[in-house]
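Work through the exercises below with the model open. Each task is followed by a stepwise solution.

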Amino acid sequence: MPFAHYGVLSGTLHQHFRDTPDTEGAWFHVNLRVDTPTGRYKCAVDVDSHESATGVQWKVFTVDASALGPVAAAAPGYHELARTAGSGALDYIRHPGLRGGPVWPSWLPDRVRELLERLVKTSRPWSSGTNLDAALAFEPMLVVGRPVLVFGEPFNTGLGVHNIHQNQGDPFGSPWWPENGVWQDGATLTRRPDGRYDVFLNKFSTQKDHTDADGHPV
């Protein structure tokens, strides 16, 4: 089933750093520390897979605050979000501000919209590379002191957010198939001095770009 809890953390970026390499020299996350009135949150953003053959893909771009809906004005702290369009929740496939392609009329049946999505390429293609490539693409937007929005699943214990990546499209038979769901994708955004937001989206290369109403691959 989809996550029991999903939301957005609004705060100020205090620090960022990469994991310490393991015995094989690999590291898998860029870690953020985000300050809020209730404390400092830990956030781990995936820039590689523990299964090295899987790999990670990413996008970096900038959007207007208006593209984010109500979350752009969220007070500092963690906010639970409804898994629906318009709540402020993110969906890499369905959110018009993230897709970068045409905005289809809301009255179109899902199957028609899915067919159109397959036929029309997004204007924001995925980048692929090593964990170092991903981190180097991500880190320039991580300016200490900037307001930050981190979307994902909150920790069960303590202050933190994880699953900061696409959370749908995992293939049948994978350990993450049961957690597939729409409007529950993770992402990291930082607010620029001009009020716009730099956006980092990340997903595993095994996750599909077309999903059904339950977030399973089509």
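**Exercise 1. How many salt bridges does the count come to?**

Step 1. Apply the rule: a side-chain nitrogen of Lys or Arg lies within 4 Å of a carboxyl oxygen of Asp or Glu.
Step 2. The count comes to eight.
Step 3. Note the basis. This is a predicted model: local features need pLDDT of at least 70, side-chain atom pairs count only at pLDDT 80 or more, and totals for chains, interfaces and linings use all residues. Residues are numbered from 1 along each chain as its sequence is written, and side-chain values use heavy atoms, with hydrogens and water left out.

**Exercise 2. Characterise the salt bridge between Asp198 and Arg146.**

Step 1. Their closest N and O atoms are 3.1 Å apart.
Step 2. Asp198 sits in strand S10 (residues 197–204) and Arg146 in the loop between H3 and S7, so the pair, 52 residues apart, links distant parts of the chain. Helices (H or I, at least four residues) and strands (E, at least two) are DSSP runs, numbered from the N terminus.
Step 3. Check burial. Buried means under 20% relative accessible area, exposed over 50%, partly exposed in between (1.4 Å probe, protein chains only). Asp198 is buried at 9%. Arg146 is buried at 16%.

**Exercise 3. Which residues are linked in a network with Asp198?**

Step 1. Arg192 also meets Asp198 in a salt bridge (3.3 Å, N to O). Arg192 is partly exposed, at 28%.
Step 2. The network of salt bridges links Arg146, Arg192, Asp194 and Asp198.

**Exercise 4. Is Lys203 buried or exposed?**

Step 1. Lys203 is buried, with a relative accessible area of 2%.
Step 2. Its salt-bridge partner is Asp209 (3.6 Å, N to O). Asp209 is partly exposed, at 36%.
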